[in-house]
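Hello,

Here is the structure I promised to pass on. Please open it and keep it beside this email while you read.

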Amino acid sequence: MEKRSEVKKQPVGHSKQGEFIRCMEEKAEGLGSKALKGGFTKDKTLDSILNVEMVKEKSAEEITQIWNQYFSAKDTVYAVIPADKFDLMWKRAQKCPSFLYALPRKEGYEFFVGQWSGTELHFTSLINVQTQGETAPSQLVLYHYPDLQKEKGIVLMTAEMDSKFLVVHDAQCLANQVQLFYATDRSETYALVETFNHRSSEFKYMAVIAELEQSGLGRELRPGQASDKS
């Protein structure tokens, strides 16, 4: 039964392990260092979204409310991340700047490569990496803003995505996985990130799917089964 389930969940963009690792190494070298294409904003600042000086007078709770209210009417992903959680994510991102994420589809999973570039996190599909190598464009960028981290104890996050390839539900799934793998207290979960970055020959992509299934994200975020929570 388990074997049959594995076959059914053969990921979109699957490649043999050796080819897969080579593609990942090529992508890690080039992703994030290139000028953004496809309508993404290069060096997007918090000031371009929010009057930072004005909100410095407000509490973290008020800023959170303003941020959530502003983006709730927009077709995008956003979050307010506690400073200590972002600290952990950021420290780990310095040591392990790239990872492989599995996006649930109706039939199996589609893999995406995520690469940190400063406080931006760029995603592109594994199929793009396989076909375009270093020139593969970003399809989703998560922008993290630590501008208010010290004073208010929060880090603001929003995103831009290429709507030809991803919908908001997809982007939210990938954003949730960043916290699952980079902000986890579970050493076995973060060990997958470390293996991917430092011992790539030992990396097993099916372990990512297993972790998603165990966490519940794989089931909850499969199309047609999404909750209405923002």
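The lining of the largest cavity has 6 nonpolar residues, 2 polar ones and no charged ones. Here Ala, Val, Leu, Ile, Met, Phe, Trp, Tyr, Cys and Pro count as nonpolar; Asp, Glu, Lys and Arg count as charged; the others, Gly among them, count as polar. The lining residues are Ile81, Met89, Leu142, His144, Met157, Ala175, Val178 and Gln179. Strand S5 (140-145) and helix H8 (168-182) are the elements that give two or more residues each. H8 gives the most, with 3 residues.

A word on the source. This is a predicted model, where local features need pLDDT of at least 70 and side-chain atom pairs count only at pLDDT 80 or more, while totals for chains, interfaces and linings use all residues. Residues are numbered from 1 along each chain as its sequence is written, and side-chain values use heavy atoms, with hydrogens and water left out.

How many cavities of 30 Å³ or more does a search of the whole structure find? It finds 1. The volume of the largest cavity is about 50 Å³. A cavity is a set of points on a 1 Å grid, over the protein atoms alone, where a 1.4 Å probe fits but cannot get out; lining residues have an atom within 4 Å of a point. The volume is the space filled by probe spheres set on the points, which are joined across faces, edges and corners.

Next, the sheet. It is open, with 6 strands in the order S1-S6-S5-S4-S3-S2 and antiparallel pairing. Strands (E, at least two residues) and helices (H or I, at least four) are DSSP runs, numbered from the N terminus. Two strands pair if DSSP finds at least two bridges between them. Strand S3 (residues 109-117) and strand S4 (residues 120-125) are joined by 6 bridges. Phe112 stands opposite Ser125 in S4.

Now look at Tyr143, in strand S5. Is Tyr143 buried or exposed? Its relative accessibility is 1%, so Tyr143 counts as buried. Buried means under 20% relative accessible area, exposed over 50%, and partly exposed in between (1.4 Å probe, protein chains only). Thr45 is 98 residues from Tyr143 in sequence, but the two are 8.7 Å apart in space, C-alpha to C-alpha.

Last, helix H5 (residues 83-95). Its buried residues are Ala83, Phe86, Met89, Arg92 and Ala93. Met89 also lines the largest cavity.

Best wishes

Notes. On a 1 Å grid over the protein atoms alone, a cavity is a set of points where a 1.4 Å probe fits but cannot get out, and a pocket is an open set with protein on both sides within 12 Å along at least five of seven lines; lining residues have an atom within 4 Å of a point.
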